[in-house]
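Good morning, and thank you for joining this group meeting.

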Amino acid sequence: MAKLVKKISKKAGLPPGTLVHIGEDQKEKVKLRLIDYKEDHFEEKQLHTIFESFPYRDMESITWLDIVGVHEVDIIGALGKYYNLHGLLLEDIMNTDQRPKLDDYEDYLCLFLKILSYDDLSHRLRVEQISLVLGPRFVLTFQERD
């Protein structure tokens, strides 16, 4: 007779809003890319730390911060604290098993999408979560992989 074994979530027993990455284990370092623009200005650069993006929040331009890799709690937590993002939103970003949805947080919107691609090496369909946070002068995107 086959045994049924249910895998216990890493989140079991933790309070809501606790940041824990749920998804495929990632070994790569998180990549941070910033694009800042307005009518007469355009800047694009790779960042070494999340803190390099913070001065752009209060500028009159539009800032797009693209985060590739959602497995580092310190980066997601620091970004959430600085942009005053809700703890449950950050939890959802790090949980890559989210269903597609749109959440309205009054000051910003968050959109969760699934991207499908075919992996030629393994001959399998890959599913990746993309999260977008749209604010008054900022866009934050969170991808699992490059």
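**Loops, sheet, helices and core**

I begin with glutamate 106, which at 77% relative accessibility counts as exposed; here exposed means over 50% relative accessible area, buried means under 20%, and partly exposed lies in between, with a 1.4 Å probe and protein chains only. What I show is a predicted model, in which local features need pLDDT of at least 70 and side-chain atom pairs count only at pLDDT 80 or more, while totals for chains, interfaces and linings use all residues. Residues are numbered from 1 along each chain as its sequence is written, and side-chain values use heavy atoms, with hydrogens and water left out.

Glutamate 106 sits in the loop between β4 and β5. The helices (H or I, at least four residues) and strands (E, at least two) that I name are DSSP runs, numbered from the N terminus. The phi of glutamate 106 is positive, about 70 degrees, although this residue is not a glycine. As background, most residues other than glycine have a negative phi. Histidine 123 also has a positive phi, of about 55 degrees, and is not a glycine. Its place is the loop between β5 and β6, and at 58% relative accessibility histidine 123 counts as exposed. A positive phi, near 60 degrees, is found too at asparagine 84, which follows α1.

Let us turn to the sheet. In what order do the strands of the open sheet run? The order is β2-β1-β3-β7-β6-β5-β4, giving 7 strands with mixed pairing; two strands pair if DSSP finds at least two bridges between them. β2 and β4 are the edge strands, each pairing on one side only. On average, neighbouring strands of this sheet are turned by 15 degrees against each other, direction ignored. For such angles, axes are lines fitted to C-alpha atoms, for helices over the stretch in contact, and the values run from 0 to 180 degrees between N-to-C directions.

Next come the helices. α1 lies across β1, β3 and β7, and runs at about 160 degrees to β7. Its buried residues are Ile75, Ile76, Ala78, Leu79 and Gly80, and their cover includes β1, β3, α2 and β7. α2 lies across β4, β5, β6 and β7, at about 160 degrees to β6. How many of the residues of α2 are buried? The count is 6 of 8, so that the helix is mostly covered. Those buried in α2 are Leu89, Leu90, Glu91, Asp92, Ile93 and Met94. They pack against α1, β4 (101-104), β5, β6 (124-134) and β7.

In soluble globular proteins, nonpolar side chains tend to be buried together. The largest nonpolar core in this model has 27 residues, and those with the most contacts inside it are Leu79, Val133, Leu140 and Phe142. Such a core is a set of buried Ala, Val, Leu, Ile, Met, Phe, Trp, Tyr and Cys residues joined through side-chain atoms within 4.5 Å. The elements that give two or more residues to this core are β1 (31-38), β3 (62-68), α1 (73-82), α2 (87-94), β5 (109-119) and β7 (138-143). Leaving aside neighbours within four places in sequence, valine 133 is in contact (heavy atoms within 4.5 Å) with residues including Leu89, Ile93, Leu140 and Phe142.

Finally, the charged pairs. The structure holds 6 salt bridges, each a side-chain nitrogen of Lys or Arg within 4 Å of a carboxyl oxygen of Asp or Glu. Arginine 57 and aspartate 58 meet in one of them, at 3.3 Å from N to O; arginine 57 is partly exposed, at 29%, and aspartate 58 is exposed, at 55%. Aspartate 103 and lysine 101 form another, with their closest N and O atoms 3.6 Å apart, and both are buried. A further salt bridge joins aspartate 119 and arginine 126, at 3.6 Å from N to O. Salt bridges that share partners join Asp92, Lys101 and Asp103 into one network.
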